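Could you walk me through this structure, strand by strand? Let's take it one piece at a time, with the cut-offs spelled out along the way.

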Amino acid sequence: MKQGDVVSFPNFDTFFHNVYSLSDIKSFDLGSYKQGETKKRTFKEKGVVEVECAIHP
Ligand SMILES: [Cu+2]
């Protein structure tokens with residue numbers, strides 16, 4: 001993936017997820033969303049972003 005790309009986080013599961021990151025270069029919280037929904041974020045800085053789910057640690 002390139003700097004400035006938009007990354008999609010589709011939920012294909014039958015239960016909710018809440019994707020978030022506390023990484024320095026990009027912290028975000030997508031909130032909880034259900035199957036069939038997709039959240040997107042733009043990543044403007046280069047580096048590693050650790051992504052977790054608040055519902056499923
Ligand atoms: Cu989850």
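Glu52 lies in strand E5, where strands (E, at least two residues) and helices (H or I, at least four residues) are DSSP runs numbered from the N terminus. This is a predicted model, in which local features need pLDDT of at least 70 and side-chain atom pairs count only at pLDDT 80 or more, while totals for chains, interfaces and linings use all residues. Residues are numbered from 1 along each chain as its sequence is written.

Leaving aside residues up to four places away in sequence, Glu52 touches Tyr20 and Pro57; a contact here means that the two C-beta atoms, placed from the backbone, lie within 7 Å. Val6 is 46 residues from Glu52 in sequence, and the two C-alpha atoms are 18 Å apart in space.

The touch with Tyr20 leads us on to the pairing of strands. Glu52 in E5 is the bridge partner of Tyr20, and Val19 stands opposite Cys53 in E5. Two bridges join strand E2 (residues 19-22) to E5, and these strands run antiparallel; two strands count as paired if DSSP finds at least two bridges between them.

Now look at the other partner of E2. E2 and E3 pair in the antiparallel sense over three bridges, with Ser21 opposite Phe28 in E3. Four residues separate E2 and E3, which form a hairpin. Put together, this gives an open sheet of three strands in the order E3-E2-E5, with antiparallel pairing. Its edge strands are E3 (27-29) and E5 (52-53), each of which pairs on one side only. As a general point, side chains in a regular strand alternate between the two faces of the sheet.

Another pairing involves E1 and E4. These strands are joined in the antiparallel sense by five bridges, and Pro10 stands opposite Thr38 in E4. Strand E4 (residues 38-42) is hardly covered: among its five residues, the count of buried ones is zero.

Between strand E1 (6-10) and E2 there is a loop, and Thr14 lies in it. Why does Thr14 count as exposed? Thr14 is exposed because it has 8 other C-beta atoms within 10 Å. Thr14 is also 31 Å from Gly4, C-alpha to C-alpha, with the two 10 residues apart in sequence.

Let's finish with the whole chain. It has zero helices and five strands, so from the N terminus on, the elements run β-β-β-β-β, each strand being a DSSP run. The C-alpha trace spans about 35 × 20 × 15 Å along its principal axes. Of the 57 residues in the chain, 4% are buried. Among the contacts with a separation of 6 or more, residues 24 or more positions apart account for 50%.

Conventions:
A residue is buried if 20 or more other C-beta atoms lie within 10 Å of its own, exposed if 12 or fewer, and partly exposed in between; C-beta atoms are placed from the backbone.
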